[in-house]
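Student: Before we look at the model, could you show me how to read its contacts with some care? I would like to hear the general idea each time, and then the case at hand.

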Amino acid sequence: MDEVQAFLEAVSSKGLATGRIRGLLHILIGRRISKSDGTVISTGLTWRQLAALLKQAKFNKDHVHELGADPDALAPRDREKMWYVAIGLAKVDSLEAMAQADQLVPLIETLGYTVGPSPSNLSASAQSASKKKKQ
């Protein structure tokens with residue numbers, strides 16, 4: 001978990017999450033993250049693990065505005081609970097989250113990390129949803 005926290009701090013310090021918080025949450029929950037040398041640091045986190053890490057890393061709570069929420073209205077005294085609720089609002093399995101994640105991957109690679117592809121069942125469900133919308 002320390003490696004994931006270092007990853008979060010690197011992403012935060014470069015401001016990569018700004019405008020792409022859904023994508024970052026999608027990556028942390030559903031994708032494999034490794035260092036450029038191949039060392040795996042995460043194969044996906046649970047919402048609870050991610051909320052705890054975001055709290056521990058003192059991740060900027062203002063990012064939840066991108067999700068349409070007010071951070072002060074989401075459990076203001078319990079930062080972990082606030083992040084847990086925010087993750088639920090993020091719709092990390094949506095096409096928007098997947099698109100943001102795909103935009104974020106090249107930027108993350110400049111930090112020395114490799115991000116795996118979206119889970120196959122998510123890609124399949126996203127493609128079928130996209131086809132239904134076109135009809």
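Tutor: Let us begin with the polar contact, which is a pair of N or O atoms within 3.5 Å; within protein, one must be able to donate a hydrogen and the other to accept it, and residues adjacent in sequence count only if both atoms are side-chain atoms. The model is predicted, so local features need pLDDT of at least 70 and side-chain atom pairs count only at pLDDT 80 or more, whereas totals for chains, interfaces and linings use all residues. Residues are numbered from 1 along each chain as its sequence is written, and side-chain values use heavy atoms, with hydrogens and water left out.

Student: With which side chains does the side chain of serine 118 make a polar contact?

Tutor: The side chain of serine 118 makes one with the side chain of histidine 26 at 3.3 Å, and another with the side chain of arginine 31 at 2.6 Å. Serine 118 sits in the loop between strand S3 (113-115) and helix H6 (120-134), where helices (H or I, at least four residues) and strands (E, at least two) are DSSP runs numbered from the N terminus.

Student: Is serine 118 buried or exposed?

Tutor: Buried means under 20% relative accessible area, exposed over 50%, and partly exposed in between (1.4 Å probe, protein chains only). Serine 118 has a relative accessible area of 14% and is therefore buried.

Student: How many salt bridges does a search of the whole structure find?

Tutor: Side chains of opposite charge can pair when their charged atoms come close. A salt bridge is a side-chain nitrogen of Lys or Arg within 4 Å of a carboxyl oxygen of Asp or Glu, and the search of the whole structure finds three. One of them joins lysine 35 to glutamate 3, with the closest N and O atoms 3.0 Å apart. This pair links distant parts of the chain, since lysine 35 is in strand S1 (residues 33-35) and glutamate 3 is in helix H1 (residues 2-13), 32 residues apart. Lysine 35 is partly exposed at 27% relative accessibility, and glutamate 3 is partly exposed at 36%.

Student: Which residue forms a salt bridge with aspartate 102?

Tutor: Aspartate 102 pairs with arginine 31, their closest N and O atoms being 2.9 Å apart. Here too distant parts of the chain are linked, with aspartate 102 in helix H5 and arginine 31 in the loop between H2 and S1, 71 residues apart. Arginine 31 is buried, with a relative accessible area of 3%, while aspartate 102 is partly exposed at 45%.

Student: At roughly what angle do the axes of H2 and helix H3 cross?

Tutor: Two packed helices are described by the angle between their axes and the distance between the axes. Axes are lines fitted to C-alpha atoms, for helices over the stretch in contact, and angles run from 0 to 180 degrees between N-to-C directions. The axes of H2 and H3 (residues 47-56) come within 10 Å and cross at roughly 125 degrees.

Student: Which residues of H2 and H3 meet?

Tutor: With contact meaning heavy atoms within 4.5 Å, Leu25, Leu28 and Ile29 in H2 meet Trp47, Leu50 and Leu54 in H3. Leucine 54 is buried at 1% relative accessibility, and, not counting residues up to four places away in sequence, leucine 54 touches Leu8, Leu25, Phe59, Trp83 and Ile87.
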